[in-house]
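Biologist: I am new to this structure. Please walk me through how to read it.

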Amino acid sequence: MDIRDYERILDAIPATGIYVVREDNHEILYFNSQVQEMVPEVRRGMVCDKLWVNSCANCPLLNIGDKAENRSVSCDSSIGRAVDMVAKRILWQDEIPAFVISVTPHIDEVSHVYRKILRVNLSRNSYDFVKPGAEDWAADREVDTFSGWLRQFTENGIIHPDDADRFLSFTHLEYLKGALRTGRKTLTCSYRRSSPNGFRWNLMEVVPDSGYTDQEQIVLIYMKDVQDLLKESLELDEASVRLQEVTRTLGEQNFGVYAIDLNNGKVNLIREEGYTQEGWTSQTLMWDVVMHSRFARQMHPENLEKFTQKFSLEGLRRARDTGMQKMDMLCQWKGGSEYRYVAVIAYFGRNQGTKDHAVLALQDVDKRVRQEQALSQRDMQMAAILKSRFDVMTTIHLDTDQCERIWFNESAEPQNAGSGKYTTYYRKALERSVWPEDMDKFRACMSPEHVREQAENTQDYSEEICQYRLNRPEEQWLEQHITYIRRGGQVLVNILGRDITREKRQEEMRLKKAQEQANIIGSLSSMFFATYYGDLEQQLFRSVTQQGEVEKLLGNEADYMTALRTYAENFVHPEDRADYLCTMSIRNLRQVLGPEQPFVTFAYRKQPGKDGRDSESYGWIRATAVMTQADKEGRARGIVYVAQDVTESKQKEMREQRAIEAACAAANHANASKSEFLARMSHNIRTPMNGIIGMTRIASEHVEDGERVRDCLGKITASSNNLLSQVNEILDLSEIESGNVDLVADECCLSDLIRDVADTVLPDVQEKGLHLRINPMQVRHERVVGDQSRLRQVFLNILGNSVKYTPAGGTLEVSLIERDTAKYGCSSYDFVFEDNGIGMDAAFIPHIFEPFSRAENSEAEQNAGTGLGMTIAQNIVRMMGGGISVESAPGKGTRVTVTLLLKRPGGKGTEEEPEGQTENAPSGELFRGYRIPGGGRQ
């Protein structure tokens with residue numbers, strides 16, 4: 001196209017002036033017809049500042065810098081209206097750097113909505129009119145600063161007095177600058193302005209200009225009359241005024257305030273996310289849209305459904321129709337990455353017209369709710385503490401003499417028992433309830449006069465305790481804790497009461513026992529030739545009375561164990577010395593002595609003299625340690641050690657023992673008489689013999705029936721074995737009691753012995769469906785000297801009984817424990833056999849070792865046997881110098897313990913065993929991992 005065609009196009013653009021100026025000197029290179037209409041004297045070559053008089057302050061070229069384009073709004077005094085000016089860089093005729101500038105009426109100028117527009121530099125407190133008001137709003141240019149220009153309106157009464165402070169606060173430079181720095185794009189403030197027809201509502205909007213920066217804060221301020229737009233909303237009857245006051249108050253307390261029209265569902269956002277929309281805005285939204293688009297994202301999922309039901313438009317209408325004035329809900333609101341507690345409150349109001357409103361407020365109550373939860377938790381904890389220790393709490397109000405009583409019980413919350421005058425309660429308690437002998441101490445702590453005096457003297461906290469008896473036939477003790485707590489100018493007085501009858505009785509019993517012990521010690525002190533006090537904690541041994549020869553060695557005070565060893569080396573027989581030191585050691589006394597066993601005794605022989613008297617001529621001393629003090633755990637802290645000469649009684653005891661042994665031997669021989677023996681065995685022999693004869697007769701009568709004959713032969717074999725077993729046991733018992741059995745002293749291995757016994761009983765164990773457990777052996781010396789075959793016989797007899805009397809599914813256990821002994825070259829072994837079978841009555845246990853004895857119950861009668869197994873076992877164990885004990889209870893099982901003192905090969909009991917031998921195997925390592933095939937678990 002020709003250049004003239006372009007010019008015609010530019011001239012045809014309505015209401016838009018376009019001109020081009022050089023970049024270096026701003027001379028006009030081109031202008032269209034619209035510019036010429038605006039400024040008829042325009043000419044090419046003219047400098048542009050001559051074109052628009054007094055408009056250079058708003059020229060977009062002032063701060064275009066290196067940008068390709070810049071915009072501004074200016075009020076051209078030559079045309080008297082606001083215009084938008086846009087400047088863009090070009091190359092004029094492809095060689096001259098220039099700017100093309102367009103001038104168009106400002107959009108709001110065209111729409112005639114805004115009555116006044118200002119361009120304000122907040123950083124410099126300066127201003128300029130983009131669009132002046134149609135009427136003289138004041139002497140617009142008489143004040144140079146923007147803040148001064150605003151102030152004159154309130155001083156001249158142009159702004160409604162009720163809105164003046166809010167108007168000045170909003171237009172304060174620091175508020176505007178701070179609010180815009182947060183990134184907000186629009187600030188609004190509504191106010192009432194005077195007019196010929198009275199005050200009308202106006203709206204001021206502040207928006208950043210195109211050249212706005214945080215350093216140079218240039219804004220445009222628009223002012224418009226919104227009275228007609230808000231006429232319907234601003235029916236200022238009494239209800240509307242109250243609604244506005246509520247919303248203004250809520251806006252100060254809550255981070256979200258919404259005014260909802262319940263008729264059409266529209267909502268005005270008064271305050272949202274902590275920012276206040278001053279006054280009433282012209283923008284309206286639908287409430288349900290706001291609720292679902294904004295609230296649903298931040299409401300906790302567990303609260304959303306209930307919130308929707310209550311605060312949707314339908315929910316608010318339902319609440320209004322029921323006549324509710326207020327509706328609230330506590331929920332959790334997401335703020336950042338965490339949920340916080342928020343109170344949602346809806347207030348309902350009705351205008352005199354047709355309009356119903358609800359104001360919904362969101363208030364952050366997270367801190368308060370969590371504090372209340374923490375206080376509630378602490379109250380519950382404190383209540384639990386009080387309930388665990390006290391029965392009743394009485395709170396006294398000193399200024400009114402009123403008191404409140406609360407009872408605690410185990411099954412419910414504390415119960416208020418009522419209130420009344422404390423003086424009346426005190427007088428009735430003193431007259432009717434307190435034991436006469438305790439009245440004085442009750443008055444001293446509980447009288448109203450004393451309580452007031454103690455409260456006055458309390459600085460921070462004080463406490464008194466009063467214990468007294470009730471005036472009843474049966475003794476009953478009460479304890480009252482009176483606490484005084486000063487808070488400011490007041491003192492809180494609480495009385496916590498509880499029943500201490502049980503504690504008092506226990507204390508009385510303790511004192512009685514202590515007195516009894518003191519009486520015993522005092523009464524028996526005359527019976528002993530030596531008395532010492534032992535402090536087990538300080539390890540001291542102090543003499544009270546002692547013989548002269550002992551005093552030379554021990555002195556009056558010495559280390560406990562040192563004194564004990566010195567005494568033992570000089571006055572105790574060598575064979576009794578180790579046991580004496582062990583029994584009287586601090587470690588043993590602290591383990592053994594206690595409330596249930598307050599003393600320990602040990603009898604020992606005196607050190608033999610040079611005359612070498614025989615054992616019966618030794619002097620005997622009985623040492624006794626009596627507990628006198630105990631620690632909190634009941635263990636002995638202090639003892640009284642006394643020594644008594646018991647030579648005469650001990651020798652008499654030994655003579656009686658020999659007589660008893662002789663009588664026992666004679667009785668055993670008498671019991672072994674053949675006539676009695678055969679008489680008691682007749683039944684046991686007759687039973688299998690009858691079976692053999694009967695089965696033989698049946699077999700002979702049915703020779704042709706091979707199956708029946710085989711069945712009879714099997715039963716004959718079983719009866720024959722039973723008969724043979726009984727005969728063997730009879731012969732063994734006969735030989736043992738006649739003294740014809742000699743024990744063989746061979747070296748044997750205890751682990752091999754136990755394994756052999758287990759393998760022997762294993763088939764019967766498996767057949768009956770039992771479990772056999774061999775526990776790890778706790779021994780240091782596995783190899784010993786003894787009669788292995790007789791030991792095997794004893795163990796098989798015991799285990800055989802366990803198999804017989806343990807129902808299917810039961811468990812048999814075997815344990816072996818080695819214990820130290822004072823005898824050189826020997827060790828004591830406990831062979832323990834346990835089962836969980838049918839057990840025995842306590843009355844039968846003393847007869848278990850008697851020949852032919854069997855428990856009288858159905859289970860025992862179903863099992864065959866002679867009743868000689870345990871008799872034989874006991875006799876063999878006694879022949880070996882050991883002992884056998886039985887513990888049992890019906891339905892719980894039986895425990896048999898065989899204790900034997902066995903020599904170690906070569907008598908090396910105190911020497912180190914060569915490394916690697918089983919004798920040095922740690923306790924519990926033998927049989928670890930050993931399993932009895934098919935016999936259950938280890």
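Modeller: Start with contact, which means heavy atoms within 4.5 Å. Axes are lines fitted to C-alpha atoms, for helices over the stretch in contact, and angles run from 0 to 180 degrees between N-to-C directions. Helices (H or I, at least four residues) and strands (E, at least two) are DSSP runs, numbered from the N terminus. Here, helix H17 (residues 560-571) lies across E24, E25, E26, E27 and strand E29 (636-645). H17 runs at about 100 degrees to E26. Helix H18 (residues 574-583) also packs on the sheet, where it touches E27, strand E28 (620-630) and E29. The direction of H18 makes about 165 degrees with that of E27.

Biologist: What should I know about the model itself?

Modeller: It is a predicted model: local features need pLDDT of at least 70, side-chain atom pairs count only at pLDDT 80 or more, and totals for chains, interfaces and linings use all residues. Residues are numbered from 1 along each chain as its sequence is written, and side-chain values use heavy atoms, leaving out hydrogens and water.

Biologist: In what order do the 6 strands of the open sheet lie?

Modeller: Strands of a sheet pair through backbone hydrogen bonds, either parallel or antiparallel. Two strands pair if DSSP finds at least two bridges between them. In this open sheet the order is E26-E25-E24-E29-E28-E27, with antiparallel pairing. Strand E26 (557-559) and strand E27 (599-605) are the edges, each pairing on one side only. From one strand to the next, the twist averages 25 degrees.

Biologist: How many bridges join E24 to E25?

Modeller: There are 5 between strand E24 (residues 530-535) and strand E25 (residues 540-545). Thr531 stands opposite Thr545 in E25, and Asp535 faces Leu540.

Biologist: Why is E24 largely enclosed by the rest of the structure?

Modeller: Buried means under 20% relative accessible area, exposed over 50%, partly exposed in between (1.4 Å probe, protein chains only). E24 is largely enclosed because 6 of its 6 residues are buried. In a regular strand the side chains alternate between the two faces of the sheet. For E24, Ala530, Tyr532 and Gly534 are buried on one side, and Thr531, Tyr533 and Asp535 on the other.

Biologist: What share of the protein's 938 residues counts as buried?

Modeller: The share is 43%.
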